[in-house]
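Hello,

Here is the structure I promised to pass on to you. Please have a look at it first, and then read my notes below.

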Amino acid sequence: MLTRLTIEELGARFRRGEATPSQAAAAYLERIGALDGRVKAYLTVTRETALGQAAEADARFAAGRPLSPLDGVPVAVKDLLCTRGIRTTCGSRILETFVPPYDATVVARLRAAGAVLLGKLNLDEFAMGSSTEHSAFFPTRNPWDLDRVPGGSSGGSAAAAAADLAAATLGSDTGGSIRQPAAFCGTVGLKPTYGRVSRYGLVAFASSLDQIGPFAKTVADAALVLGVIAGADPRDSTAVDVAVPDYRAALSGGVEGLRVGIPAEYFIEGLDPEVEAAVQAAVAVLRGLGARTEGVSLPHTRYGLPAYYLIAPAEASSNLARYDGVKYGLRAPGGRHLVEMYGRTRAAGFGAEVKRRIMLGAYALSAGYYDAYYGKAQRVRTLVRRDFQQAFERVDVLAAPTTPGVAFRLGEKTDPLQMYLNDILTIPVNLAGLPGVSVPAGFTQAGLPIGLQLIGRPYDEATVLRAAHAYERATTWHQRKPPLP
Amino acid sequence: MSEAKISIEQVEHVARLARLELSAADKERMRRELDAILSYIDTLQALPTEGVEPTSHAVPLTSVMREDEPEPSFPQADMLANAPDPSGESFRVPRIIEE
């Protein structure tokens, strides 16, 4: 079955002429047709685009001239990434009919590498959420248990990767939105360093935190995708000009002598005992491979979440000011003057969670509260960042749970604050701008995936991926497939 | 029962700033939810931060300069294609002055 193959295996078949990109695209489209009615990972399936791109890739392989390791590989992207001529909704009614006139840089780079675009994936509206239940259109289901959430906000991207509905996908991570759904869906999800990947064409949520990254069936595949999308971009001044290594080549070498820190504060009260046991077992695996593990302290961990819920909403309230019913998107009828039109359009176009965060952010930035809230949060951010800096003087990577628990049931978390607490172990990494990956690290008795989070120094994705790859090779969790046909 | 963090009047004020029309029921629910979130956020107040520099971006950013070379803009028709109410070469809006 072509849809089960990793990018590396698929590419090898293409090169040997044992399969064509058109056959792979057709296999994925057929699987999407058969299964996505249940998983609901896709908001838009771009069948014609995919078949057209695949035919072009066929010709390149026939001529013996593939463009890259991703040539002919069927991928899909979170619907927060602009795609020229293809509807980009951000999971929101306010952009339900928006068709971007340009490609996000990461989309352009995937195209230039020959990847085949299967479609656009579901998400919490404007990436605000941890369950994909805040999509304005429908919730995505967890492939391991269709009554449970896939996590979020990149829930469609995680579910599609886990259910073999794409060979790899892209998501974005502002407070855990790649790593948390990767953990919930039992797939690999990588958040690169802030500044590693261009965000041109990523619809902005919280600009000092947002970062794009891949979901894949294996760590090696994630490394291949990162290699294609990483690097400076004249269209994004925050995408820094730091050399992009050959991530695939950097995977070899193992973890002998690697110093792995175990942050005490990530083993919090309320951590699911099955998650804790799996992560401790994963640490033992790394030790068995020759890594030197030691306890470290990140004392400001618990202040990360409250600081984040000032910084991210403040930036969101500013970024989302552009949705005003004038240049694009929804306009609500009946506004007698401009300001009334704005208010009605935004009331009709945004969902409850987005409104909550806009309100929270506007409040935190408003006169008289700025210093007490936003200013305070930025100082706390410095303390969180210093914790990591000090830990990385002693160790090379950190190993911790990705999430405090496993996938919960749809509709289970109705209180906003309870939902926010899901990201308590992923948010500090965003505040500090570090690279982090979640890899499959076991299953609960009930059969739900557990994620191991590995965190590294700024721009040191190579070491994070090397440790993750070594762990993956020593375990079989990534080989298990969800109970789908 | 601790004092409310945010009043209905403040919710109305912030909603005006954010250009968000809220119904009466929305306002009360919003007040309750923001109150709970702000109470949680107040755990930050226990942490002393005097003398700590604020972080605006995790990665130090320097101004990135490039040559100022003119490039073609997007075609006007493309830019108007998504507009809810285009008019010729313009975006049409309701009148700006309240009566």
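Which strands of chain A does helix α8 (residues 273-288) lie across? Helix α8 of chain A lies across β7 (259-263), β8, β9, β10 (436-443) and β11 of chain A, and runs at about 150° to β9(A). Axes here are lines fitted to C-alpha atoms, for helices over the stretch in contact, and angles run from 0 to 180 degrees between N-to-C directions. Helices (H or I, at least four residues) and strands (E, at least two) are DSSP runs, numbered from the N terminus.

A word on the source: this is a predicted model, in which local features need pLDDT of at least 70 and side-chain atom pairs count only at pLDDT 80 or more, while totals for chains, interfaces and linings use all residues. Residues are numbered from 1 along each chain as its sequence is written, and chains are lettered from A and ligands numbered from 1 in the order in which they are written.

Now the sheet. Eleven strands of chain A form an open sheet with mixed pairing, in the order β1-β3-β2-β4-β6-β5-β10-β11-β9-β7-β8 (two strands pair if DSSP finds at least two bridges between them). At the edges stand β1 (42-45) and β8 (292-296) of chain A, each with a single partner strand, so one side of each has no neighbour in the sheet. From one strand to the next the twist averages 25°. Strands β9 (residues 397-401) and β11 (residues 449-456) of chain A run antiparallel and are joined by five bridges; Val397(A) stands opposite Gly456(A) in β11(A).

The helix I would show you next is α11(A). Its 14 residues reach 20 Å from first C-alpha to last, close to the 20 Å expected at 1.5 Å a residue (the expected span is 1.5 Å times one less than the number of residues). Eleven of the 14 residues of α11(A) are buried, so this helix is largely enclosed by the rest of the structure. Buried means that 20 or more other C-beta atoms lie within 10 Å of a residue's own, exposed that 12 or fewer do, and partly exposed in between, with C-beta atoms placed from the backbone. The buried residues of α11(A) pack against α9 and α12 (371-391) of chain A, together with α1 and α2 of chain B.

The axes of α9 (residues 301-319) and α11 (residues 352-365) of chain A come within 7 Å and cross at roughly 100°. The two helices are therefore roughly perpendicular to each other (under 35 degrees counts as roughly parallel, over 145 as roughly antiparallel, 65 to 115 as roughly perpendicular and the rest as oblique). The axes of α11(A) and α1(B) come within 9 Å, also crossing at roughly 100°. This contact is made by Met359(A), Ala362(A) and Tyr363(A) of α11(A) and Val14(B), Ala15(B) and Leu17(B) of α1(B); residues are in contact if their C-beta atoms, placed from the backbone, lie within 7 Å.

Between the chains, the contact takes 44 residues from chain B and 57 residues from chain A. On the side of chain B, α2(B) gives the most, with seven residues.

Lastly, some backbone details. The peptide bond from Gly152(A) to Ser153(A) is cis, with omega near 10°, and Ser153(A) lies in the loop between β3 (116-121) and α5 (155-162) of chain A. Cys90(A) has a phi near 60°, a positive value in a residue other than glycine, and is buried, with 29 other C-beta atoms within 10 Å.

Best wishes

Methods: Contact = placed C-beta atoms within 7 Å.
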